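Dear colleague,

I am passing this structure on to you. Please look through it; my notes on its pockets follow below.

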Amino acid sequence: MLGISLRRPKTIAATLAAATLVTVLGSAAPGVSADGGVRPTPDEGHRTRPTIVLVHGAWADGSSWSGEVRRLQARGFDVQVAPQPNRGPSIDSGYLKDFLSTIEGPIVLAAHSYGGFVASDAATGNNNVKALVFVDAFAPEKGETVEDLSAGSGSVLDPAATDPTSVFKLVPFPGAPEGAADSYVLPKVFITGFANGLPRRQAEVLAVSQIALATNATAEPATEPAWKTIPVWAVIGTEDRVIPPARLEEMMKRAGADITRIDAGHLGLISHPDEVTEVILEAARTTA
């Protein structure tokens, strides 16, 4: 304990001193406790809040959403980071669809990159999903593939169409479909193409911490997209080199998204968690 007396101050000077102490210890910054940790602060009002489900992209895991998770939890939201095996839309969407089926009440589903492809498939038919948030993410039409949406966009992954080894390290995996392998983005491509805008040391760590994506994933077609029936918000990084901004704009305008643009690369969810969190909160407010 701090040994602070809670008795009423007897003089004006004591009153001012007590007020100053309260300001320093209790109100230095919204959402921050006296020991410097995050203090949960409810979002506006006391209405029923949706569960926020976050879906990571290819060559990544759930930790890419860490900044948003901390901020959303501090606002009193139930946040869940969905599993994503990165085996291809048919398998991955099935995992996510089953995961979502276990959640009661309204859901805001936010997805990054390839995760947008998966989320759009998985949310179709789930009446609990009230909002979709695409963060530098694919939003496919029925029948489109990741390859279709990437072709001719100017992505740093484009050279893989003619020489996969110029972009990826390819590794066999048990039970792989014929001709398929696990792919890892080469560090030289990852650091400058995926992680532009992040500190070099952080980019180097992320480059060697990838979760593989099966190569067959990029050729699997989308099913009926959820964005046709569910309101959409989008975050577009204006320096994205994986899904270039022009292609993101096309997809998000087609989906009728409320678009927020930030000065970030493909990993804006890591470099700009405040901005991304605010867009998720905006989507959440509409579910009340």
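Five helices and strands each supply at least two residues of the lining of the second largest pocket: α2 (66-74), β3 (107-113), α6 (187-194), α7 (200-207) and α9 (268-271). The model is a predicted one. Among these elements, α2 gives the largest share of that lining, with five residues.

In total, 23 residues line the second largest pocket, and those that lie nearest its centre are Ser 63, Ser 64, Leu 206, Leu 267 and Ile 270. By class, the lining holds 10 nonpolar, nine polar and four charged residues. The space in this pocket comes to about 370 Å³.

Now to the largest pocket. Its volume is about 520 Å³, and its lining is made up of 24 residues. Which of them lie nearest the centre of the largest pocket? They are Glu 147, Leu 157, Ala 160, Phe 168 and Thr 218.

Two elements, α5 (146-150) and β5 (168-171), each supply at least two residues of the lining of the largest pocket. The largest share comes from α5, which contributes three residues. As for class, this lining divides into 15 nonpolar, seven polar and two charged residues.

Best regards

Note on methods:
Residues numbered from 1 in each chain as written. Predicted model: local features only at pLDDT ≥ 70, side-chain atom pairs only at ≥ 80, totals over all residues. Heavy atoms only, no water. 1 Å grid on protein atoms, 1.4 Å probe; cavity = no way out; pocket = protein on both sides within 12 Å on 5 of 7 lines; lining within 4 Å. Points joined across faces, edges and corners; volume = space filled by probe spheres on them. Helix = DSSP H or I, 4+ residues; strand = E, 2+ residues; numbered from the N terminus. Nonpolar A, V, L, I, M, F, W, Y, C, P; charged D, E, K, R; others polar.
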